[in-house]
Amino acid sequence: MQTLKVGRLASASFQALGSSRLFVLPPLSRHFSVRQTLFCQAGPNPEDTPVIRVPRYLLKRVENVKQARGKPKISTVKAGKLLIQSRNPSLNQSAGYAVGKFEQPVLCSKGWKHNKSFGDYFTINSTKEVAPFIAGAQKDTEQDPSPTFKDLHISKELVETLERNGFMHPTVVQLQTIPKVMRGHNILCAAETGSGKTFSYLLPVIHRLQADVQSESNTTRALVLVPSRELAEQVAAVSRTLCSPFGLCTRTVGGGRGVGHIKMVFKNNPPDILVATPGALVKALRRNCLDLSELTFFVVDEADTMFDPSFCELLEEILTQANIASDPRETRGLGHKAQLLLIGATFPDGVGEVLSKVTDLGRIVTIKSKMLHCLMPHVKQTFLKVKGADKVLELYQALKKLQHERGGGAAVVFCNKSSTVNWLGYSLEEMGVQHARLQGEMPAEVRAGIFRSFQKGTANVLICTDIASRGLDTSKVRLVVNYDCPESHTDYIHRAGRVGRAGGVEDGEVLSFVTHPWDVELVQNIETAARRRTSLPGMKSEIQEPKAKVLNVE
Ligand code: AMP
């Protein structure tokens, strides 16, 4: 508090009211635009000048207003396309402007913790037509033609299979990763979702397996670990297509179907390529259904989820049963070791801890995409501050707009809990919206096939939890709705990554409902990253060396 002396006139009225009273005074000067609330205390002696105690925060505010006066306001709005468009046009930001590193952006979501902000919104507009991970997207393609799969020196049959399926040019991540895998390096590939990571590892893996003189061997030679059954089926389907000219066998093993099913997978000859979820694979290993000691490739897809504490122990158990190479020379010839390929968008701290036990961390080659953890510049992303009770109606409106105004297409609606998926499903059913539901608490038989049928177009709306946000291919999706605000930046990036994928529809949009005060920090971080054009904070794309153990010496 700071004290102010007031004049005689004011002092008389303070005395009349006694000491330690709360006064609401008219504006003291033209610096104040609102009426000021001050604590006043009359002195013990009526002749004394009374003292008004002014809270420090009020004084600071007055100081700020004084200092800001006369200074030119930084205008973030210029003529042309807008990057940020909000309900309050003075907070818009042009596509041609980026907030500087040391400049504090004025956020549309600044007051969103307050109830009065319900109904407010802002949009991060798309500033690019094509995804940045399409090779040649930024180039003058006439002068500098995009590279083809042939340039990657993979087998002729693979190139033909790709072309038959409409894949002519590799994406940026494929261009960077495939040659390094072919040279035998252990790889950490950190690239944005939807950038074509599956081909990045499957193409060199299949190329090597078909070329290998050991191809007659009776063991599984490539293992791909993924976090969910649905993703296992999806990766296996891609692998089967690519393997078709070579007669290589791909099988999946996923949880939830009992040990009998697991044994069936390995009953006859083991598959050349096995796509597995960790839980089911550990069961198979404990029952000696397969041997990992002769693996040529050990692939961990969606590594950020796989190294999550819930999977970490299982992963360690699996990794220690394989002989992982540390040097490219160890991946060739008799008694070769397995080449390790880690694919993901983020790499949590646990990765280094686990991997240091099986390989030389220092020799892993890292491939990191330029736009990693940045908001996708080719996807429009809207944030709407909305009351919980109004979310269903807002969702209904968004789905209706997609069908009637944007010419139709598929939508994925993300909820944070399985129970919300069920509840929302019933509500949409009552509104006549056909949809499919996918959540982790569903029995395996029900879950199996739901995603595939959504991909085939049986239903246009999928309501799901984050189990559908990792790796699943949703090329036909034009709208992602975060019915519940995601709990982390990683979840936001993965959910938003269901639109704007390589080879997918081009005008994807993300709509996020913001309801709770605890959602607001994430939104503010996203808005700040968009205004500064930087990546989202706190997402790791490198393996951290495990901390040296400290011995307590008495
Ligand atoms: P992924 O990141 O592997 O899940 O792939 C995302 C989407 O990109 C899938 O629909 C792929 O079919 C598609 N895709 C992968 N590589 C290419 C490519 N070189 N050209 C066009 N689309 C691709």
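On a 1 Å grid over the protein atoms alone, a pocket is an open set of points with protein on both sides within 12 Å along at least five of seven lines. A molecule sits in a pocket if more than half of its atoms lie within 2 Å of its grid points. The space taken by the ligand is the largest pocket. The model is predicted, and local features need pLDDT of at least 70, while side-chain atom pairs count only at pLDDT 80 or more. Residues are numbered from 1 along each chain, and hydrogens and water are left out of side-chain values.

Polar contacts are pairs of N or O atoms within 3.5 Å. A polar backbone atom of His169 lies 2.8 Å from a ligand nitrogen. A polar side-chain atom of Gln174 is 2.8 Å from a nitrogen atom of the ligand. For Lys197, a backbone N or O atom is 3.2 Å from a ligand oxygen. On its own, the ligand has 490 Å² of accessible area (Shrake-Rupley method, 1.4 Å probe). The protein covers 86% of this area.

How values were computed
A polar contact is a pair of N or O atoms within 3.5 Å; within protein, one must be able to donate a hydrogen and the other to accept it, and residues adjacent in sequence count only if both atoms are side-chain atoms. On a 1 Å grid over the protein atoms alone, a cavity is a set of points where a 1.4 Å probe fits but cannot get out, and a pocket is an open set with protein on both sides within 12 Å along at least five of seven lines; lining residues have an atom within 4 Å of a point.
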